[in-house]
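Please walk through the protein chain below, from its overall fold down to a handful of individual residues.

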Amino acid sequence: MKNFKFIIKRIFGMNHKAMFQTVDLLHKKTGKSKAWLLQDMIRCTMKHGSGHIDYEQFEMYNMTEAQRATYLTRGRNNAIVKQYNDQSYNHIIHNKDEFNAHFDKYLKRDWALMREKENAVAFLSSHEDFMIKPLDGSCGVGIRKLKASSFASPEAAYAELWTSDGNALLEELIIQHPAVSNIYPGSVNTVRAVTLYKDGKARVITTCFRMGNNGNHVDNLNNGGMVVPVDEKTGHISLRAMDKEKKVYANHPVTGNPIQGFTFPDWDKAMRLVCDAALEIPQIGYMGWDIAFTPDGPVIVEGNEYPGNGLLQLPEHTPDRIGIMPKFNI
């Protein structure tokens, strides 16, 4: 009875309009009948916890049941979050001001809150170039790169920014390691490292590299960026990057510099950094960390108490159709 209720809840909780749109899209793309795609999509939802987005994004219609079982779907991701993360601690990660205060030693850069006027003006007096980030933003939305010299004075800068951006966060610019900047200098290109805390230890499950494109100042896939897996043990990239439209790139389309074949500097330090950070709040045992690489070593940019699953198993990056679930070993 419990499983039956769960299945009914999943069926009626689906976005049926989007689901049928996906069926139409995949019918045109694959030639498979709409009836087959629909029933197969529902079967994947019930058996593997995948929605229509997972089904299309991972191309599950081309997989065997055994292959599907290896994918970190949204349903499986939700289950891991529920198992390892105490939601009462999420505010520390979700709120940028709390996160920066708690993980300050891992950020290794100056920052100030706009609501603390004296500190904010002092920050604006000390930094020519800086970032301003909305406290409640995500996916890079609302982040701006500014110059202090474009304002009449630090006090004038504060007054204008308070009026336009309200209660935001000011951060010192991250200067990228030349090797990473060489791939694409227009954004801070980060590695997403997923960690799992279990039995008193934290380990890295998987890592991927995100980079900007087309003049964008953020590396987020949903804002025009690209992603590629990184070997979590060596820091080496052996595959091609992919954008949201599933176009693939061995070299960056803007700079022409190689992505495939790149190996990160200070990789061991970066992996130790996130594992140390993961020990800070063991109540949130499943975390996604964004790491930047600087000439002075790796730094944490931000953390995610709900690591996404969409970046990690794209078709170009799983030629054997094996997802990342086996890496969890849980």
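**From fold to residues**

In the protein chain, 62% of the contacts with a separation of 6 or more join residues 24 or more positions apart. Contact means heavy atoms within 4.5 Å. This is a predicted model, in which local features need pLDDT of at least 70 and side-chain atom pairs count only at pLDDT 80 or more, while totals for chains, interfaces and linings use all residues. Residues are numbered from 1 along each chain as its sequence is written, and side-chain values use heavy atoms, with hydrogens and water left out.

Start with the overall build. The protein chain holds 14 helices and 11 strands. These are DSSP runs, numbered from the N terminus: helices are H or I with at least four residues, strands are E with at least two. The C-alpha trace spans about 65 × 45 × 40 Å along its principal axes.

Now the surface. Of the 330 residues, 48% count as buried. Buried means under 20% relative accessible area, exposed over 50%, and partly exposed in between (1.4 Å probe, protein chains only). The accessible surface comes to about 15900 Å², and carbon and sulfur atoms hold 53% of it. Areas come from the Shrake-Rupley method with a 1.4 Å probe; for residues, only the protein chains shown count as cover. There are 39 positive and 37 negative side chains, and the centres of the two sets lie 11 Å apart. Lys and Arg count as positive, Asp and Glu as negative; His and the chain ends are not counted. Each charge is placed at NZ of Lys, CZ of Arg, CG of Asp or CD of Glu.

How many disulfides does a search of the whole structure find? The search finds 0. A disulfide here is a pair of cysteine sulfur atoms within 2.5 Å. The closest cysteine sulfur to that of Cys275 belongs to Cys208, and at 16 Å it is too far for a bond. Cys208 is buried because its relative accessibility is 1%. Cys275 is buried too, at 17%.

Next, the backbone. Most residues other than glycine have a negative phi. Asp199 has a positive phi of about 55°. Asp199 sits in the loop between strand S5 (190-198) and strand S6 (201-211). Its relative accessible area is 72%, so Asp199 is exposed. Arg321 also has a positive phi, near 60°. Its loop runs between strand S11 (297-304) and helix H14 (325-328). Is Arg321 buried or exposed? Arg321 is buried, because its relative accessible area is 16%.

Turn to helix H6 (74-84). Its buried residues include Ile80, Val81 and Tyr84. The buried residues of H6 pack against helix H3 (34-48), helix H5 (65-68), S5, strand S10 (286-294) and H14. Ser88 lies in the loop between H6 and helix H7 (90-94). Ser88 is partly exposed, at 48%. Ser88 and Ile284 are 196 residues apart in sequence, yet 9.4 Å apart in space, C-alpha to C-alpha.

Finish at Asn213, in the loop between S6 and strand S7 (226-230). At 3% relative accessibility, Asn213 is buried. Leaving aside neighbours within four places in sequence, Asn213 is in contact with Tyr184, Gly224, Met226, His252, Pro253 and Val254.
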